Amino acid sequence: MKHQETARSEWGLVNMAEYIEFKKSNCKNCYKCIRHCPVKSIRFSGDLASVIPDECILCGQCYVVCPQNAKQIVDETEIVDVLLKGSAPVIASVAPSFTAYFEGTDILGMENALKKLGFAAAEETARGATMVKNEYEELTREENRDIIITSCCHTVNLLIEKYYPDLIGCLAPVLTPLAAHSREIKSRNKGAKTVFIGPCLSKKDEAAADGVDAALTFEEISEMFEKAGIEVGGKAENDGSGRARLFPLSGGILDSMIYKNPDYTYFVIDGMEKCKYALNDIREGKLHRCFIEMSACEGSCIGGPIMEKHRNRPLRNYQYVKSYAGENDFKVPSSEEMGVGAEYSPIESNKEIPTEKQISEILRQMGKFKPSDELNCGTCGYDTCREKAVAVYQGKAEINMCLPFLMEKSERFTNSILDNTPNGILVVNEFFEIQQINKAALDMLHVNNRSDVLGDPLIRIMNPKDFMDVLNNNAAVINKRDYYAEFDRYLELTIVHDHVSNNLIGIFRDFTKEEKSRKGREDMSRQTIETADKVVDKQMRIVQEIASLLGETAAETKIALTKLKESISDEEHK
């Protein structure tokens, strides 16, 4: 269906990617959105996520599951404010799940609240649903269709148009309840503007395509009520009408249909994965003569993204909607009178499919050289490593989104640093069990292999007292020098406590050569002093003999030789 001119198009909201905004500052690269996206229509580039418009089916799962609230549904309240200030009457089409979101209110309570905002009137989208279900009954009476899939869910329609174009013939050629109701409102109220209010993200795109002037989520209208200080009152009472109010429940479409052709098998399918399984079965020719009520959300519309995010209480929601629905149909124009027929057509994608050689090359870049390397851990969001490789080729994913690849790369980098530093590194946990030890430490502590000591108590290879003192006293050991007789080494030890991992990190510097060199210099100095002493003693005897002859310089000579001896001794202690 082509986009029609509405107030929304004047604001540029005709591209479905614009219905989901990504807050770059909030995104933490957890890839949860891509893991839950049923069609993998999210691109990661520069560690930031964005929607791929041609592939998105607006299911809203990325919005629901994002733990950082980095995905936001585009707000259309400003558009509605402008409409309400205009001269044309604005009439709200309220999705039947409203009674669940607003906890048991009825359409009169909603209308009163909406009129306070400036709406001219409010009606139930279930009126359009009544026309749609009447047309479904007519389709089954004709008996010329093998498979009929309901067209009420815009996300399901997009799924078929984009990913199962060969099955478009199975999609019921009928307008959605929103489109049918909007058309009916405007036929009765010339020049009126229509605003849809509901639990669904995809209705924003559907509204733009079907001449609806704006679409608000329940969350948006709630914010407008709160800002204006308006409370939604009224208690829903079953007035006997509104059988189509059951539409937001799983199986609600079938329950609202009065006529069912016995030649058809009637199915209810909700949830994207089950929808895809069913469509695959149809594609493979495994299903025939079926009428399928198909909804993208688990539990149908009461499990829509806005409901799931803000009112996730399926049993209560079901109860509210079920109790409000009546046994009789709304009085609506006939489908022939309103013309609720629709045509759906394939939406082509420009995705390039890589060759086997190109996929293999990308897998190699990811560190996947053989099938056993393809762990399929799913952390990146893709079901298989090959699927991820295809996404990399198409520019949707990055090589470094692979957790095993990053871990291996980080481990190689860390090990490279640890194994090439001359300092010994020893890491123990709070139970003084060895967690990591590098090559230098293995050599210093006389350990043959890492595997011989990893996980073992530290006491097995050395006295753990210094490590215990650091943990107990919460004070680091800095550059403590000592002789370790068991290793015949002089080691300088620094121990710090990493409070995040609760590990103790010991850094050893071997200064054995330095210490032995110092001791060698001390021995040489001592030998020099001893030699000097002998020379002094010998010279003193000679001086005394000379002095007996010269008489006057003996004292001066003794002083000079004594200073020489002291100088040598001072040099030793420097």
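Begin with Glu 78, which counts as exposed at 51% relative accessibility (exposed means over 50% relative accessible area, buried under 20% and partly exposed in between, with a 1.4 Å probe and protein chains only). Glu 78 sits in helix α4, helices being DSSP runs of H or I with at least four residues and strands runs of E with at least two, numbered from the N terminus.

This is a predicted model, in which local features need pLDDT of at least 70 and side-chain atom pairs count only at pLDDT 80 or more, while totals for chains, interfaces and linings use all residues. Residues are numbered from 1 along each chain as its sequence is written, and side-chain values use heavy atoms, with hydrogens and water left out.

Next, select Arg 127 and Glu 184, which form a salt bridge with the closest N and O atoms 2.7 Å apart (a side-chain nitrogen of Lys or Arg within 4 Å of a carboxyl oxygen of Asp or Glu). Arg 127 lies in helix α7 (residues 126–142) and Glu 184 in helix α9 (residues 177–188), so the pair ties together parts that are 57 residues apart in sequence. Arg 127 is buried at 17% relative accessibility, and Glu 184 is buried at 1%.

Staying in helix α7, select Lys 133 and Glu 137, which lie four residues apart, about one turn of the helix; their salt bridge has its closest N and O atoms 3.7 Å apart, and both residues are buried.

Finally, select Gly 211, in the loop between α10 (202–209) and β9 (214–217), where Gly 211 is buried with a relative accessible area of 8%.
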